[in-house]
Amino acid sequence: MIQLVELNKYFEEKHVLKNINASFLPGVANLVIGASGGGKSVMVKTMVGLEKPSSGQVLFEGQDYYNLEYEQQQKLRREIGMLFQGTALFDSLTVEQNVEFPLLMFSNMSKEERQERVNLCLSRVNLVNANKKTPAEISGGMKKRVGIARAIALNIKYLFCDEPNSGLDPLTSRVIDDLLHDITKEFGITTIINSHDMKTVKDIGEHIVFVHQGQKWWEGSKEDLSEAQKSNPELDAFVKASF
Amino acid sequence: MNVFTEVGRYILFMRYVFKRPERGRVFWSMLVREMNLMGVDSLVVVILIATITGAVTTVQTASQLASDSGILPPSLFPMAIVGSVVGSSSVLELAPTITCLVLAGKIGANIASEIGNMRVSEQIDAYEVMGINSIGFVSLPKILGGIIVIPCLIIISNFLLIFGGLLAAKLTGIMTLDEYVTGLRSSFLPLYAKVLMVKGVVFSFIISSLACFQGYYTQGGALEVGEAGTSAVTKICVLILLFDLIIAKLLL
């Protein structure tokens, strides 16, 4: 389980994350929802160690990430996979080299074993005949799939996805959503998806955290969402505007 | 941001550059790639610039000696002086400084833009999330590659400057080859070779490390990536000239 405890983040004078307490459940798809500029991306970046919080804790199985030694932090990071909004594929490498990269860096697999794992990950995201292509030669949806394949190449425990559907058509968005859901269940990983797409919430969301103006406004299961809308006008406005 | 903050950030940056690489074999393959990119790809520009500069220096020096300055009649100057001037100025100044100023524009801008682009496209964040020391991973092969390759380019440039002068002397007939070679030999001191190598190593470190630093802290988009390249080249040129003076003062 990942927990945020009284998390605050300032950018100079601007208070971006305001005393956030939230939990992300293990083995399920946790959705962080909210309007653009509400602090979702900063929250996710703080959780993966890209933005240091001004105060508060990020607990991975009870261990505060920011109180760990550098080597322990690096070790924990190898249990984290991330799908970036812009995919962040290494543009000088081919598709298969991108997926192979974490294996090359952090495993002692032989070349054949690495190739086998790369093929497995690429077939898992339904990407065939693209191994030798560079990121510039493939579509946005394919890039997202390569990003997912790279994220799951190592046996990760946590998968973070920053706006996985941004820039994709509705059909491809659903394919990516289904893929994230299936991978979460198949590998038993804790997935945190940062999104403002309510269709994603409806399709694959299990545990929802609603962030509004830098604050955690509501947290609960998908089933509780419609009930929560009645007592929470901001959440209600966001959900209705999204449809 | 003031100069002191910038220098402080640069020192902290360098601390991470020289941490032990995560994977030796990945590091070596990246180092070879960088050396190839910097060395082979810069060879043509170095050959052209060095040969032409050597020829121009010879022609202009000979022309100045041949003109009546009013101090001494031109007939009193032996033309071997031209070889002497070209030889010593090539080793001491033209080969290290001019070559590195040119390479600042080529290699420095290239490194800063490449790393800047990696920064704005979140590739550096991807390294960080994987638990890789991103500063060391992207910068160390470039900095070491630069320190190995650029001094080699400077040595090549030095030979070509002298060769360019010799070519100009022969083609224009302003002096005999014997005069040129005699001049070259008479002016050379072993200390000059030491100065050349010290400048080469210092300038190549400035080019590669400052370009990496500038690229790594790029923020924004395509416009800022271009600005990072320009800013890197400007700072590198100023620092090369500053250290040129310091090394000359200390070693000569």
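Predicted model: local features only at pLDDT ≥ 70, side-chain atom pairs only at ≥ 80, totals over all residues.
Colour them separately to begin.

Next, select the boundary between the domains. Here 11 residues of domain 1 of chain A are in contact with 9 residues of domain 2 of chain A. On the domain 1 side, helix 6 of chain A (residues 170-187) gives the most, with 6 residues. By class, this side of domain 1 has 8 nonpolar residues, 2 polar and 1 charged.

Now move to the sheet. Select the strands of chain A in the order 2-1-4-5: they form an open sheet of 4 strands with antiparallel pairing. Strands of a sheet pair through backbone hydrogen bonds. Which strands are at the edges? They are strand 2 (14-24) and strand 5 (63-64) of chain A, each pairing on one side only. Strand 4 of chain A (residues 55-60) is joined to strand 5 of chain A by 2 bridges. Zoom in on F60(A), which stands opposite Q63(A) in strand 5 of chain A.

Finally, show chain B. The contact between the chains takes 15 residues from chain A and 13 residues from chain B. On the chain A side, the elements giving two or more residues are helix 2 (70-77), strand 6 (80-83) and helix 3 (95-106). Helix 3 of chain A provides the largest share, 3 residues. This side of chain A has 10 nonpolar, 3 polar and 2 charged residues.

Technical notes
Residues numbered from 1 in each chain as written. Chains lettered and ligands numbered in written order. Contact = placed C-beta atoms within 7 Å. Nonpolar A, V, L, I, M, F, W, Y, C, P; charged D, E, K, R; others polar. Pairing = 2+ DSSP bridges.
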